[in-house]
Amino acid sequence: MPNTTAIPFSVLDLAPIPQNADVQHAFQRSRDLAQRAEKLGYHRYWLAEHHNMTGIASAATSVLIGHLAAHTQTLRLGAGGIMLPNHAPLIIAEQFGTLEALYPGRIDLGIGRAPGSDRRTMMALRRHMHQPEADNFPHDVAQLVEWFDALDPQPAVRPVPGYGARVPVWLLGSSLYSAQLAAQMGLPFAFASHFAPDMLLQALAMYRSQFRPSERLEKPYATVCINIVAADTRREAEYLFTSMQQAFVKLRRGENNQLPPPCGNMADIWSHAEQYGVEQALSMSLVGDKVQIAHGLQAVLNETAADEIMVNGQIFDDEARLRSFELAMQAREMLLD
């Protein structure tokens, strides 16, 4: 059994925009949650890159990271993740090199390969659609590591800031591709089981079995991201969770909307097919009071042997959101060694 009380807990924030709210309110919610997470003892706080989504405010991910870092003292801030095919590696090296210079020892760079957007948005990002670009992903990751670690003493192109910044680089994924690449490159790996749980155990097994030690990492380090919606009672938590369930239904219908308020009966909203799909996508979700969350956490840790748990929780009400992350940390503290 893993030493669960020693396992770091971290936060994934999509900066959701609640229905009838605006971007400024979403940023205030993120600032409040980051400050609360720091006080509660969360280890790191990551923001995710998405584009052309009216319910998510973290498109300019590095800018928002800097804002939250300026309003916290010790919390690690980072990207979970930057969708690297959307960007020139040099730009990301400069952005995160700048963040590291401003907030030394507090910045992470998690990198994903997915577009994080639809086809038209990808074109608006000036991302080419041909296949060879996808094949450049390993090279682009290696280029970032080379710059951050100053492996070439006289590079033809030098990111300033960024060269020699030693920014921690993670690979993120929801399939086997990034797990295998992270293993080959000797980088930490984070699996997005909060929305794509199907290949979680297979990806973790591949990452650990194929891992090659590197100067950055001696042994595998795997983070598992799950959803936690906690409240003082199970009934309240299940009610709060309906906001996320509704959001996934809307996403599957192609409706790009803000985070809806909770509802009393999901049967009035989703079809049987939609219910099946959403429940499958959200199967790595713990919903309940802190005792139930603690039992669920123990099961997740026993099954995955995760080195770190990252918590996502899209909750409509501001105070209920903060309370959920507080209860999640209390549940962690209830676990026995």
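**Burial, cavity and backbone features of the predicted model**

At 0% relative accessibility, Ile111 counts as buried, because the cut-off for burial is under 20% relative accessible area. The structure described here is a predicted model. Ile111 belongs to strand S4, which covers residues 107-112. Leaving aside residues up to four places away in sequence, Ile111 touches Ile82, Leu84, Phe137, Val141, Leu144, Val169, Trp170, Leu171 and Leu172. The C-alpha atom of Ile111 is separated by 27 Å from that of His25, and these two residues are 86 residues apart along the chain.

The largest nonpolar core comprises 77 residues. Within this core, the residues with the most contacts are Tyr45, Phe96 and Leu109. When residues up to four places away in sequence are not counted, Tyr45 touches Val11, Asp13, Ser30, Leu33, Ala34, Ala37, Leu68, Leu75, Arg76, Leu77 and Gly78. In soluble globular proteins, nonpolar side chains tend to be buried together.

Cys225 counts as buried because its relative accessibility is 5%, and Cys263 counts as buried because its relative accessibility is 14%. The structure holds zero disulfides.

Helix H2, formed by residues 61-70, is mostly covered, with seven of its ten residues buried. The buried residues of H2 are Thr61, Ser62, Leu64, Ile65, Gly66, Leu68 and Ala69. Among the elements that cover them are helix H1 (23-40), strand S2 (44-47), strand S3 (76-83), helix H3 (89-102) and S4. One of the buried residues of H2, Leu68, is also touched by Tyr45. Strand S4, part of the cover of H2, is the strand in which Ile111 lies.

A search of the whole structure for cavities of 30 Å³ or more finds one. The volume of the largest cavity is about 40 Å³. Its lining consists of Val11, Leu12, Asp13, Leu14, Pro16, Leu33, Asn312, Gly313, Gln314, Arg321 and Phe325. By residue type, the lining of the largest cavity divides into six nonpolar, three polar and two charged residues. Strand S1 (9-13) and helix H12 (318-334) each supply at least two residues of this lining. The largest share, three residues, comes from S1. Val11, Asp13 and Leu33, which are among the lining residues, are also touched by Tyr45.

Several backbone features were noted. Most residues other than glycine have a negative phi, and most peptide bonds are trans. The peptide bond from Gly80 to Gly81 is cis, with omega near 10°, and Gly81 lies in strand S3. A cis peptide bond also joins Val160 and Pro161, where omega is about -5°. Pro161 is located in the loop between helix H6 (137-148) and strand S5 (169-173).

The loop between H6 and S5 also contains Ala150. Phi of Ala150 is near 50°, a positive value in a residue other than glycine. Ala150 counts as partly exposed because its relative accessible area is 30%. A positive phi, near 55°, is likewise found at Asn52, a residue other than glycine. Asn52 is placed in the loop between S2 and H2.

Asp118 occupies the loop between S4 and helix H4 (119-124). With a relative accessibility of 34%, Asp118 counts as partly exposed. The C-alpha atoms of Asp118 and Met53 are separated by 9.7 Å, while the two residues are 65 residues apart along the chain. Asn136 is found in the loop between helix H5 (131-135) and H6. Asn136 is partly exposed, and its relative accessible area is 39%. The C-alpha atoms of Asn136 and Pro85, which are 51 residues apart along the chain, are separated by 8.3 Å.

Key: Residues are numbered from 1 along each chain as its sequence is written. This is a predicted model: local features need pLDDT of at least 70, side-chain atom pairs count only at pLDDT 80 or more; totals for chains, interfaces and linings use all residues. Side-chain values use heavy atoms; hydrogens and water are left out. On a 1 Å grid over the protein atoms alone, a cavity is a set of points where a 1.4 Å probe fits but cannot get out, and a pocket is an open set with protein on both sides within 12 Å along at least five of seven lines; lining residues have an atom within 4 Å of a point. Grid points are joined across faces, edges and corners, and a volume is the space filled by probe spheres set on the points. Helices (H or I, at least four residues) and strands (E, at least two) are DSSP runs, numbered from the N terminus. Ala, Val, Leu, Ile, Met, Phe, Trp, Tyr, Cys and Pro count as nonpolar, Asp, Glu, Lys and Arg as charged, and the others, Gly among them, as polar. A nonpolar core is a set of buried Ala, Val, Leu, Ile, Met, Phe, Trp, Tyr and Cys residues joined through side-chain atoms within 4.5 Å. Buried means under 20% relative accessible area, exposed over 50%, partly exposed in between (1.4 Å probe, protein chains only). Contact means heavy atoms within 4.5 Å. A disulfide is a pair of cysteine sulfur atoms within 2.5 Å.
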